[in-house]
Amino acid sequence: MNIIAEMGSVTGGAPDSLAIVIPTYDERSNIEPLLFEFARLRANWDRVFHIIFVDDSSPDGTGEAADRLGKRLGISLTVVTRPPPRNLGTAIAEGIARTDANLVCVMDADLSHPPSLLPSMLDRLDGFDGVVASRYAPGGRITDWPVHRRLISYVATALAQSVSKGRCTDPLSGYFLFRNSAIRGVSVTGLGNKPLLEVLSQTSLAICDLPYEFGNRKNGTSKLSLAGILGFVRLLALSASRARASNRALRSHTDQASSQSRES
Ligand SMILES: Nc1nc2c(ncn2[C@@H]2O[C@H](COP(=O)(O)OP(=O)(O)O)[C@@H](O)[C@H]2O)c(=O)[nH]1
Ligand SMILES: [Mg+2]
């Protein structure tokens, strides 16, 4: 297995390449259907892509399974294996930090995020810094999610919109694509497991929402926990203060520009 213990770069190959960051923990039962989806995608799409699994030493052998099947199917992938403690947010942040591919996509391994949507996401990128696969844009939907998950998501999304300038219908989406150059300077800490919200609250990037159908996982179990929810509450507070700082910086820049134009 390709294990990278030290912080280092995982390139996506060609300069116009696409890296797909997939955090995993105990997703062995999803690896085969997921990689077969990617094999189908590759057969119908002339895009080079490289998958970076960031696996937190899954006890069920997810990392090894991905590496083995990737080789068998000839899919370009790297498995980054991290020691405990496990953390979804920092796994995504690490995957993003490790690639120098031009385009970076983040998605889950549990097939809630269909790889077949990727070509449409790339098509929509024209004129934008990023594309968010949205459950809440008109035309998007959620299937098979229990009522309590819908409720948590609805409330959390409303709170997240209030600290991200309402620019995106689904600021907590785990399925999104950015130009690497647009997010290079952004601090993605992984706090609260919602890196998209971190990007939105620190920047004024142009985002396009793409509606899609989010389906509940068929295999394995969700790792949503109370600790994760508390981390999200801390992220909201951090995002609100980052958004205030970015508004202040924008106002002071505008004031300076207008006083300079009055002087000249
Ligand atoms: N590396 C890593 N991945 C994780 C961790 N927890 C969850 N994941 C992965 O993150 C993605 C989303 O997790 P999931 O449990 O489906 O969350 P949910 O969609 O909110 O129910 C899946 O691909 C998981 O395997 C973790 O602690 N470390
Ligand atoms: Mg999931």
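Two residues are taken to be in contact if their C-beta atoms, placed from the backbone, lie within 7 Å. With that cut-off in hand, the packing of helix H1 in this predicted model can be described: the buried residues of H1 pack against strand E2 and helix H2 (62–73).

Helix H1 itself runs over residues 28–43, 16 residues in total, and spans 24 Å between its first and last C-alpha, close to the 22 Å expected at 1.5 Å a residue. Its buried residues are Asn30, Ile31, Leu34, Leu35 and Phe38. These lie on the same side of H1, because the arc they cover around the axis is only 125°. An α-helix has 3.6 residues a turn, so residues three or four places apart point the same way. Arg40 and Ala43, on the other side of H1, are exposed.

Helix H7 (residues 195–202) presents another picture. Eight of its eight residues are buried, so this helix is largely enclosed by the rest of the structure. The buried set includes Leu196, Leu197, Val199 and Leu200, and also Glu198, Ser201 and Gln202.

Turning to the ligand, 19 residues surround ligand 1, and the closest of them are Pro23, Arg86, Ala91, Ala109 and Ser222. At least two residues of this shell come from each of strand E1 (18–24), strand E2 (49–55) and helix H3 (88–98).

Methods: Residues numbered from 1 in each chain as written. Chains lettered and ligands numbered in written order. Predicted model: local features only at pLDDT ≥ 70, side-chain atom pairs only at ≥ 80, totals over all residues. Near = placed C-beta within 6 Å. Helix = DSSP H or I, 4+ residues; strand = E, 2+ residues; numbered from the N terminus. Buried ≥ 20, exposed ≤ 12 C-beta atoms within 10 Å, placed from the backbone. Expected span 1.5 Å × (residues − 1). Arc of directions from axis to C-beta.
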